[in-house]
Amino acid sequence: MVARTMALEGHAVAILDTSEDNLRRLPDHLGVTTLLGDGTLEQDLRRAGIEEADVFVAVEERDSRNALAAQKALHLFNVGKVICNIGDPVRQEMYRALGLETVSPAKAASDMILQALHR
Amino acid sequence: MYIIIVGCGKVGYHLAQALLSAGHEVLAIEQDSQKYAAIVDALGSVVISGDGAEAAVLEEAGAGRADAVIAVTGQDDDNLVACQVAKHRFKVAKTIALVNNPENESLFQKLGVDVTVSQTSMILSHIEEELPEHPLVHLFPIPDSDRRLVGIPIPMDASVVGKTLESVTLPPDTLIALLIDARGEPRLPTEGEIFKANDEVVAVTSPAAEEALLNILTRVGV
């Protein structure tokens, strides 16, 4: 979803994923570059063009993989804006203090559901 | 000491055993339920089941009073996050991580992991030391900095042979700590001391200055 919207807004987007199935789900016409690879490995990040990237987004399922990938983007490749998905609220607060922008789609969804309930 | 071990595979299991027999209080955290059951059978109730990179699990393990957290899972991301949570959330004094992929070692150090252990780097450095043509040997890293102690043998025909230490300009961030002659006799690097052929120079240097130091000490003279 993020990739699709960003591409529609005219940004150049590259997606790195370890699952071929996930990559296949993306429609061809968006002009998004898809690469099969591991976002926690420096060589794969380079292949995806991280050295030229303005924004890096890590939204895999597991917090730790996102934390490792995002900290590589921030500290090794000096990407200006780094956003990552950290589900655990305690770790979210910690990584925010360590300079990462953290989001939690699960938390956002549950907040919205709770809001709808109270309406 | 109270020591928490995250990941009880081969490394974690032997570590737990060794630390227990040395009289330490040890708690291991293992995510895999089969491994967990096997460890309970072998070591008793010194293991809990869970994801040791999660704050709640580390809290349950008593990370708040732990002297050290050692993360030795097969996943570098989990080892890093476990150490970061231990350090930043629970103020654990010493965090130690196993580094499975050597490219992660310097990042882990930069991010505040106190000690990193890379099996690949260890084997590589042993091999390098065995190779006679390898002129610079990494002796050990200086804690809390990117500097390290290195050893460089001075070739017979190097231009520095016969020169005093003060007359040779060293790269920045570099300090000669000791000279050891061919017979194994150590000498302190006082100003009047001279470089002799086949001396082993022990120096503190940084990764950036290392090549320059090697070049200065081994360049063939005119």
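B:Ser206 is buried, with a relative accessible area of 4% (buried means under 20% relative accessible area, exposed over 50%, and partly exposed in between, with a 1.4 Å probe and protein chains only). The structure is a predicted model, in which local features need pLDDT of at least 70 and side-chain atom pairs count only at pLDDT 80 or more, while totals for chains, interfaces and linings use all residues. Residues are numbered from 1 along each chain as its sequence is written, chains are lettered from A and ligands numbered from 1 in the order in which they are written, and side-chain values use heavy atoms, with hydrogens and water left out.

B:Ser206 is placed in the loop between β11 (200–205) and α7 (207–218) of chain B; helices (H or I, at least four residues) and strands (E, at least two) are DSSP runs numbered from the N terminus. When residues up to four places away in sequence are not counted, B:Ser206 touches B:Asp146, B:Arg147 and B:Asp173, contact being defined as heavy atoms within 4.5 Å.

The largest nonpolar core has 47 residues, of which A:Phe56, A:Val82, B:Ile4, B:Val6, B:Ile29 and B:Leu58 touch the most other members. Such a core is a set of buried Ala, Val, Leu, Ile, Met, Phe, Trp, Tyr and Cys residues joined through side-chain atoms within 4.5 Å. Helix α4 (residues 76–90) of chain B gives the most to this core, with seven residues. Another core, of 17 residues, lies apart from it and includes B:Ile152, B:Ala158, B:Val168 and B:Leu179. Beyond its neighbours within four places in sequence, B:Ile29 is in contact with residues including B:Ile4, B:Val6, B:Ile48, B:Val57, B:Leu58 and B:Ala61.

Between chain B and chain A, about 1,600 Å² is buried, 58% of it on carbon and sulfur atoms; buried area is the accessible area (1.4 Å probe) that two parts lose on being put together, summed over both. In chain B, the residues that lose the most area to chain A are B:Asp77, B:Glu103 and B:Leu107, together 31% of what that side buries. The contact takes 20 residues from chain B and 19 residues from chain A. Four salt bridges are counted between the two chains, a salt bridge being a side-chain nitrogen of Lys or Arg within 4 Å of a carboxyl oxygen of Asp or Glu. A:Arg62 and B:Asp77 meet in a salt bridge through their side chains (2.9 Å, N to O).

Over all chains, the count comes to 21 salt bridges. In chain A, the side chains of A:Glu101 and A:Lys81 are joined in this way (2.9 Å, N to O). This pair links distant parts of the chain, with A:Glu101 in strand β5 (residues 101–103) and A:Lys81 in strand β4 (residues 81–85), 20 residues apart. A:Glu101 is partly exposed at 39% relative accessibility, and A:Lys81 is partly exposed at 37%. A:Asp38, A:Glu60 and A:Arg65 are linked in a network of salt bridges.

In chain B, B:Asp199 and B:Arg187 form a salt bridge between their side chains (2.8 Å, N to O). B:Asp199 is buried at 0% relative accessible area, and B:Arg187 is buried at 13%. B:Arg65 forms a salt bridge with B:Glu25, the closest N and O atoms being 2.7 Å apart. B:Arg65 lies in the loop between α3 (55–60) and β4 (68–71) of chain B and B:Glu25 in strand β2 (residues 25–30), so the pair ties together parts that are 40 residues apart in sequence.
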